[in-house]
Amino acid sequence: MKATTIYNKFISKLFYSSQKFINADFSIKLVALFGLANIAIILPDISFLFGSNAIIQNTVNDQHIFWYQPVFYWFTDPLANLGIPENITILLLIGVYIFSFLGMFFNKYRFTSALLAWFIHLVIVNSNFLLTYGADNMFSTLLFIAIFFCVPFKDVAKKNMIYSFAIRFLQVQMCFIYFFGGLGKSLGTDWFDGNAIWYVINIYSSNYVDYAVNFVNYPIVFKLICWSVVFVELLYPFLIYVPKIKRFVLTKIILLHVLIGMFMHLYTFAIVMILLNLIAFGHYYKWFKVKEKSESPILAADTI
């Protein structure tokens with residue numbers, strides 16, 4: 001009986017609706033805008049990234065993915081037998097990808113659009129796996145979560161319930177990401193002796209080396225920066241829920257990704273991580289929260 005009660009409480013906590021999260025429409029539009037901006041950046045290089053003339057050929061790429069992961073030649077090869085050129089098929093899929101984000105933004109067949117966006121993004125990532133990095137994987141996660149945002153329930157209460165569940169699922173995901181990111185850093189030495197920041201400056205931001213040299217005689221500066229990053233990532237799952245400091249922790253994480261974008265030039269990664277944090281915990285900022293327009297009652301109020 002006790003186990004059943006705990007289970008019921010857990011399920012109730014996971015699925016009950018909340019008025020405190022930013023609304024679903026706003027979250028979906030943020031995802032759609034990022035998706036459109038992201039594909040616009042790589043659009044001029046499509047012919048170099050995918051197809052038979054790509055920098056990395058399919059035979060090489062296939063060594064790094066599983067057979068069941070969707071790729072462009074799943075579509076290009078069969079259609080080529082029908083006389084449709086490979087590059088046309090790829091452009092058609094990219095066009096569907098773009099229109100799927102437009103559908104999400106303008107609320108036209110939103111659920112179908114979200115599914116298509118997620119699937120074609122997987123095709124894009126898997127088709128050039130060696131040139132992808134963490135940002136692509138995190139955007140895959142965000143698109144998967146967005147599918148739940150777009151579930152086409154006519155019942156507003158059910159839509160709110162699924163959206164609230166998706167936000168909590170994303171929150172848990174973020175907690176795991178940062179905890180294990182911090183744990184990985186804490187297992188080495190570079191994040192304890194300050195070398196990690198020095199490496200970042202030398203490898204990614206050589207223009208700032210002259211400024212960094214001024215602090216060489218004060219290694220505590222580099223150590224404090226490294227320690228603060230490890231500390232906030234490792235304790236993120238706990239600190240992000242502490243009422244008195246949760247906004248400070250969220251702000252620090254966002255600032256961390258802003259600095260990653262500035263100094264490491266990983267702009268896509270920085271933006272997608274900021275988006276993930278804002279969608280998951282942006283309701284902590286009163287000025288950022290967008291209220292639901294629906295007049296239907298919410299099932300319950302969140303305490304987090």
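Predicted model: local features only at pLDDT ≥ 70, side-chain atom pairs only at ≥ 80, totals over all residues.
The open space comes first. The largest pocket holds about 880 Å³ of space. Its lining is made up of 31 residues, and those nearest the centre of the pocket are I197, V200, V229, L256 and I260. Several helices share in this lining: α9 (156–186), α11 (195–204), α12 (209–213), α13 (219–234), α15 (246–264) and α16 (267–281) each contribute at least two residues. Of these, α15 gives the most, with eight residues. Sorted by class, the lining of the largest pocket comprises 25 nonpolar, three polar and three charged residues.

Across the whole structure, two cavities of 30 Å³ or more were found. The largest cavity has a volume of about 90 Å³. Around the largest cavity stand 13 lining residues, with G51, N58, F72, Y73 and S127 lying nearest its centre. Two or more lining residues come from each of α5 (73–80) and α6 (86–106). Eight residues of this lining are nonpolar, four are polar and one is charged.

Finally, a pair of helices deserves a look. Two packed helices are described by the angle between their axes and the distance between the axes. For helix α2 (residues 24–42) and helix α8 (residues 134–149), the axes come within 10 Å and cross at roughly 145 degrees. The crossing of α2 with α8 is left-handed. On the α2 side, the contact is made by A24, S27, I28, V31, F34, G35 and N38, while α8 brings F139, L142, L143, A146 and F149. Nine residues of this contact are nonpolar and three are polar, with no charged residues.

Definitions and conventions:
Residues numbered from 1 in each chain as written. Heavy atoms only, no water. 1 Å grid on protein atoms, 1.4 Å probe; cavity = no way out; pocket = protein on both sides within 12 Å on 5 of 7 lines; lining within 4 Å. Points joined across faces, edges and corners; volume = space filled by probe spheres on them. Helix = DSSP H or I, 4+ residues; strand = E, 2+ residues; numbered from the N terminus. Nonpolar A, V, L, I, M, F, W, Y, C, P; charged D, E, K, R; others polar. Axes fitted to C-alpha atoms, helices over the stretch in contact; angles between N-to-C directions. Left-handed = near helix turned anticlockwise from the far one by under 90°. Contact = heavy atoms within 4.5 Å.
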